[in-house]
Amino acid sequence: MSAFRTASGGRIDRARPLRFSFDGRTLHGVQGDTLASALLANGVHLVGRSFKYHRPRGILSAGADEPNALVNLSRDTARSTPNVRATMIELYQDLKAVSQNRYPSLAFDVGAISNLLSPLLPAGFYYKTFKWPASWWKKVYEPAIRASAGLGRAPTLPDPDRYVPRWAHCDVLVVGAGPAGLAAALVAADAGAQVILCDEQNEFGGSLLAETTATIEGKSAQTWAAETVAALQKHPRVTLLPRTTAFGYSAHNMIGLSERVTDHLAAPSANLPRERLWQVRVREVVLATGALERPLVFPHNDRPGILLADAARTYANRYGVLPGKRVVVATANDSAYRAALDLHAAGATVAAIADIRPDPDGALVAQARAAGIPVRTATSVVRTGGSKRVSWAALAAVAGGSPEAVPCDAVLMSGGWTPSVHLFSQSRGKLRFDADQQAYIPDVSVERERSAGACRGVFGIAAALADGAAAGEAAAKAAGHGGAKAQTLPATGDAAGAGGWLGLVPNAAATKAFVDFQNDVTAKDVKLAVREGMRSIEHIKRYTTTGMATDQGKTSNLNALGVASAALQTPIPQIGHTTFRSPYTPVTFGALAGLSRDDLFEPVRATPIHAWAAEHGAAFEDVGMWKRAHFFPRAGEDLHAAVNRECVAVRRSVGIFDASTLGKIEIVGPDAAEFLNRMYVNAWTKLGVGRCRYGILCREDGFVRDDGVVGRIAADRFHVTTTTGGAAGVLAMMEDYLQTEWPDLDVWLTSTTEQFAVIAIQGPKAREVIAPLVEGLDISREHFPHMSVAECKVAGVPARLFRVSFSGELGFEVNVPADYGRAVWEALYASGHQHGITPYGTETMHVLRAEKGFIIVGQDTDGTNTPDDAGVGWAVAKSKRDFVGKRSLARASMSNPARKQLVGLMTVDGKTVLEEGAQLVENPNQPVPMTLLGHVTSSYFSASLGHPIALAMLSGGRARIGSTLHVPMPGGAITVRVTKPVFYDPEGARLDV
Amino acid sequence: MLLIACPYCGERPEIEFSYGGEAHIARPADPSALTDDQWAEYLYMRTNPKGTHSERWRHANGCGRFFNAVRDTVSDFFVVTYKSGEPRPDLPVKRVV
């Protein structure tokens, strides 16, 4: 049996041994061990190296507050989790754990040089270093810092496990299943409430799981706990969630729970998710989260073998493990005496109890003396020794005097108990500093919740049971289930939670007296922060990083306040406290992502034509959540080759393009035209039925927000199109004005984006392609001129046919009900076959429209351009009294000739394609920072013209047409000529067919 | 996850709503009659109080209606919600949720 395993006792099964490995070394534990207890049973205390100084570190606690023993747990190459607390890992067969932050090994770590250099590395040292020489930052300092930063190493393969979300409602959620929580759950459930009881541990019982002497209702505390849990398990209104941490309290009683389903299993079934993330909306919450023991702050209080006193007691009583054979206890309150007595009973020698208090007189103190344990009052541990394991503790009188070294192999420290108020604080409740308790406890609730037991400073089993029962009754009643009566349960046991010490122990140096173990923050650092001028605890926290590690200051916050209080000569309540934030303990990314991964990460919007495009080899691009065909490469073609071919094909003959993603809004009602007049810049009243107009929508500040062709289907019905990305926003803006500014208008709006598939046929042969399929409409040049719209049938399907062109060629857009989209596409494609019809994608669409100088809102405009800036000032109605944005357009600055205006650019060498976003300057040789005149917004090679083209927004652009400018690039400046923003068929003759 | 009481649908989680800025700011009936300063006042100037704030919300992923609310900007809790077009209640009724 392992050297430090006790012969009997503990909630472990000595008959079921388990094999595991730590840093490659095979060790043995038993069923019921945590990794921490199993390591201690084998006498292994050195489990890590501290964050900054690389000091040897051991296990400090027995629970979720563990700051030191962070290991990497792996099942296989992909399932590797860094920074897991060894105290929370349930041991299973062949568990594999590895220590972190050390090279090449835990025992010999070159990083330990930081410990020798520690005088140069106090808190905040990085605010004053790494500045000189400046060139060293990129080449030396940053790479070195990145390599040495952090504790664990992230896995490099995707997480193969499954994580599922769950939602639940209940009347009462009880967080924590110690005595207070169990009592609360029982009473609430009996009262008729639906209850969820959760606890982060694998077993319910909380502090009772380490109780060997206390009794409840005449039975042992552990028996009472087991019977109570069994009763709750059978209760029809109770859901029990062990291994489940309530990590976040959000508004209106929405609580986040993280349930670990398989991490404790040697061979998890593939049918189970690794974790579940619960979002529970609760009528009433009972917080029974207990209290966390504080370390004492004295020099070298961080050596392996120095543990929290109650943690040592838990190891002895719950896990059957002695943390040491000869222990020194350092304390300022009574509960450590229980630890000393229990360890003494389990076979350890307690060499001394050093109590800072001058006259401790509780029952436990008397018991300890009676057991023959040396008790030294008004005495403190002031230093320890031993490098990889503590080997002595120096005791000195509080008043002063030389210290005496006491040999030991473990030191147990207790600075008192801090009520765990994290969730209460997250709920935005107000805390109050209780001077008697020297602790922050819950004061004013904001949500429907109440705290019970040690988490609100009520210590002792009997008191916790009563407090929990009262809370359960109150919660059930508030949730509408009155009637249960909380009974007083008789209990024996210590009520030893009160009292303690905050801050540096008396008469001790501050150097290497650790306040925050995980972030390596000492009392000296906190004092340094105060000397540097930090007054607020928020600044002290951030300057020193105390409380900012993954343990969120569970064992350090109050001690930091104590040191700060002494340094500032200000009482703690006046200093305040920092904010507790979710999560209470780390939650995996997997649990938070849940099912939103890979194909389910984001909804994908695909058009009715999508499958056809995929079958025909299209490459797709993302436009918002839409997939759009980008180009249709033939064998051996890259993007440029395909686009060049597609462009030429459209202008020479005919192309077919899927425009289904564009937004469509049906505006209907007697006031439809009036509404459009007020929203868009154009004049709509005189737009005839069957006619279309290119509409511009501005914001109230006068800048272009969206554009699109608008067709008048009837006197009271308009078919408005928007950009793909702007659809939802435009409709929302319209609804805003309609509902809140002009509710008297008789008009209503319907999104029809997904109701119509839109097939664009563009090119000189376009009419010949669609004519055989059109019924009920004369689409000849005379009867269906450019910018017309009419209802008809196409390929037998009711359609709205638009004659519009974004390419500058003869063009039509066939709008059919979406379910018929593919069938109509295929009919048109077949009809176009004899004309060499070419499917083209968004890249070609962009090139063709740029050749014509048609803007794309959001590419050529950026939300700071007026219609006139963008070259579409002609669309603005001259004689409308008002429209959205009109007043802003009247501002003097909106007509400033130096404004950026849309122009064309041609590279003088006729070959270079400009980069979109590149800047324009007059003199490329001017010193940096150069005077920037504008930038390239769209840039392509034009196969139809045989040279590159570009559009740009250029200061005073229209006045600069004909001039020469330069585009500075890393490889040298490119010379360009400023042109009108139209390169192909400026007169529009190609449309007049 | 705040619950917001849409006057039409009842209590729904906050993710169903979009914010609409300060309430009870009517668009001027005749913008062209305003000076630049007056127009800027309408476009940009807002109360920004520490405390109760009258504001507009839209149940975007629900009924799609705009409505008004009084919300405490410090605690983030809604005091009361009321329909578009109704005046801000003088005395906030008991907290809606």
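Predicted model: local features only at pLDDT ≥ 70, side-chain atom pairs only at ≥ 80, totals over all residues.

Colleague: What do the buried residues of helix 18 of chain A pack against?
Modeller: They pack against strand 35 (663-668), strand 36 (692-698), strand 37 (704-714), strand 38 (717-722), helix 19 and strand 39 of chain A. Contact means heavy atoms within 4.5 Å. Helices (H or I, at least four residues) and strands (E, at least two) are DSSP runs, numbered from the N terminus.

Colleague: Which residues of helix 18 of chain A are buried?
Modeller: A:Ala672, A:Ala673, A:Phe675, A:Leu676, A:Asn677 and A:Met679. That is six of the eight residues, so helix 18 of chain A is largely enclosed by the rest of the structure. Buried means under 20% relative accessible area, exposed over 50%, and partly exposed in between (1.4 Å probe, protein chains only).

Colleague: And helix 6 of chain A, how many residues are buried there?
Modeller: 11 of the 11, residues 309-319, so helix 6 of chain A is largely enclosed too. The residues include A:Arg313, A:Tyr315 and A:Arg318. Their partners are helix 1 (35-41), strand 16 (291-293), strand 17 (306-308), helix 7 (335-345), strand 24 (410-414) and strand 25 (417-419) of chain A.

Colleague: What follows helix 6 of chain A?
Modeller: A:Gly320, with a positive phi near 60 degrees.

Colleague: Switching to rings. How many aromatic pairs are there over all chains?
Modeller: A search of the whole structure finds 24. One is A:Phe130 with A:Trp137: centres 6.5 Å apart, planes at 55 degrees, so tilted. Rings of Phe, Tyr and Trp (its six-membered ring) pair if their centres lie within 6.5 Å; planes under 30 degrees apart count as stacked, over 60 as edge-to-face and the rest as tilted.

Colleague: How accessible is A:Phe130?
Modeller: Partly exposed, at 28%. A:Trp137 is partly exposed as well, at 37%.

Colleague: What about A:Phe675 and A:Trp742?
Modeller: Their centres are 6.2 Å apart and their planes at 80 degrees, so that pair is edge-to-face. A:Phe675 lies in helix 18 (residues 672-679) of chain A and A:Trp742 in the loop between helix 19 (727-741) and strand 39 (748-751) of chain A, so the pair ties together parts 67 residues apart in sequence. Both A:Phe675 and A:Trp742 are buried.

Colleague: Now A:Arg651. Where does it lie?
Modeller: Over the face of A:Tyr984, 3.9 Å from the ring centre. The charged end of A:Arg57 sits over the ring of A:Phe514, at 4.8 Å. The test is NZ of Lys or CZ of Arg within 6 Å of the ring centre and within 35 degrees of the ring normal.

Colleague: What does A:Arg651's helix meet?
Modeller: A:Arg651 is in helix 17 of chain A, which meets helix 22 of chain A through residues including A:Val643 on helix 17 and A:Val847 on helix 22.

Technical notes
Residues numbered from 1 in each chain as written. Chains lettered and ligands numbered in written order. Heavy atoms only, no water.
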